[in-house]
Amino acid sequence: MALDFASQAMLEAMAAAGMKPVHKSTVAEVRGGWRLQLPGFPVARAIAMHSIWETHIPVTGRFLPLRVYKPTASSTRWIVYFHGGGWTMGSIQESDWWVRR
């Protein structure tokens, strides 16, 4: 199965920039936000939002960041997006452009 355009473009940009693939990177390298430093990241245009606000959700022993996107002033529908980084990699900043799509 072929990759979608955005995924293929990101892999090509990583290779052109001499960046290591995730499976060959250390956890520290991935947590360092290497994707945010990728030339051309994000590879898709983000959609403008009416408002975005940030808060935190209390969980045992800490707080998880929560970002709420409101696409229009009259928006009443919700989509909940949970990042699947396995508590190892990724961030709320790296997920921003996915959520805006």
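Visitor: How many helices and strands does the secondary structure of the protein come to?
Guide: In this predicted model, the elements run α-α-β-β-α from the N terminus on. Counted up, the secondary structure of the protein comes to 3 helices and 2 strands.

Visitor: What share of the residues of the protein counts as buried?
Guide: The accessible surface of the protein comes to about 7,700 Å², and 60% of that surface belongs to carbon and sulfur atoms. A residue is taken as buried when its relative accessible area is under 20%. Of the 101 residues of the protein, the share that counts as buried is 20%.

Visitor: How do the two strands run, and how many bridges join β1 to β2?
Guide: Strand β1 covers residues 51-59, while strand β2 covers residues 62-70. In the hairpin that they form there are 2 residues between the strands, and Gly-61 takes a positive phi near 80 degrees. The strands run antiparallel, and the number of bridges that join β1 to β2 is 9.

Visitor: Which residue in β2 is the bridge partner of Trp-53?
Guide: Trp-53 is in contact with Arg-67, which has Ile-52 and Glu-54 among its other contacts. The bridge partner of Trp-53, however, is another residue of β2, namely Val-68.

Visitor: Which residue forms a salt bridge with Arg-67?
Guide: A search of the whole structure finds 1 salt bridge. Its closest N and O atoms are 2.9 Å apart, and it joins Arg-67 to Glu-54.

Visitor: What is the separation of the C-alpha atoms of Arg-67 and Ile-92?
Guide: Leaving aside its neighbours within four places in sequence, Arg-67 is in contact with residues including Ile-92, Gln-93 and Asp-96. Helix α3 spans residues 92-100, and Ile-92 is 25 residues from Arg-67 along the chain. The C-alpha atoms of Arg-67 and Ile-92 are separated by 7.7 Å.

Visitor: What is the length of the polar contact that joins the side chains of Arg-67 and Tyr-69?
Guide: The side chain of Arg-67 is joined to that of Glu-54 by a polar contact of 2.9 Å. For the side chains of Arg-67 and Tyr-69, the polar contact is one of 3.4 Å.

Visitor: Which residue has its backbone oxygen 2.9 Å from a polar atom of the side chain of Ser-25?
Guide: Ser-25 lies in the loop between α1 (5-16) and α2 (27-31), and with a relative accessible area of 18% Ser-25 is buried. Beyond its neighbours within four places in sequence, Ser-25 is in contact with Lys-20 and Val-30. The backbone oxygen that lies 2.9 Å from a polar atom of its side chain belongs to Pro-21.

Visitor: What accessible area do Tyr-81, Trp-98 and Val-99 have together?
Guide: Val-99 has its place in helix α3, and with a relative accessible area of 32% Val-99 is partly exposed. Val-99 forms a nonpolar patch on the surface with Tyr-81 and Trp-98, and their accessible area together is about 290 Å².

Definitions and conventions:
Residues numbered from 1 in each chain as written. Predicted model: local features only at pLDDT ≥ 70, side-chain atom pairs only at ≥ 80, totals over all residues. Heavy atoms only, no water. Helix = DSSP H or I, 4+ residues; strand = E, 2+ residues; numbered from the N terminus. Buried < 20%, exposed > 50% of the residue type's maximum accessible area, 1.4 Å probe, protein only. Areas by Shrake-Rupley, 256 points an atom, 1.4 Å probe, with all protein chains shown as cover. Polar contact = N/O pair within 3.5 Å; in protein donor to acceptor, adjacent residues only side chain to side chain. Contact = heavy atoms within 4.5 Å. Patch = residues over 30% accessible without salt bridge, like charges linked within 9 Å, V, L, I, M, F, W, Y side chains within 5 Å. Salt bridge = Lys/Arg side-chain N within 4 Å of Asp/Glu carboxyl O. Pairing = 2+ DSSP bridges.
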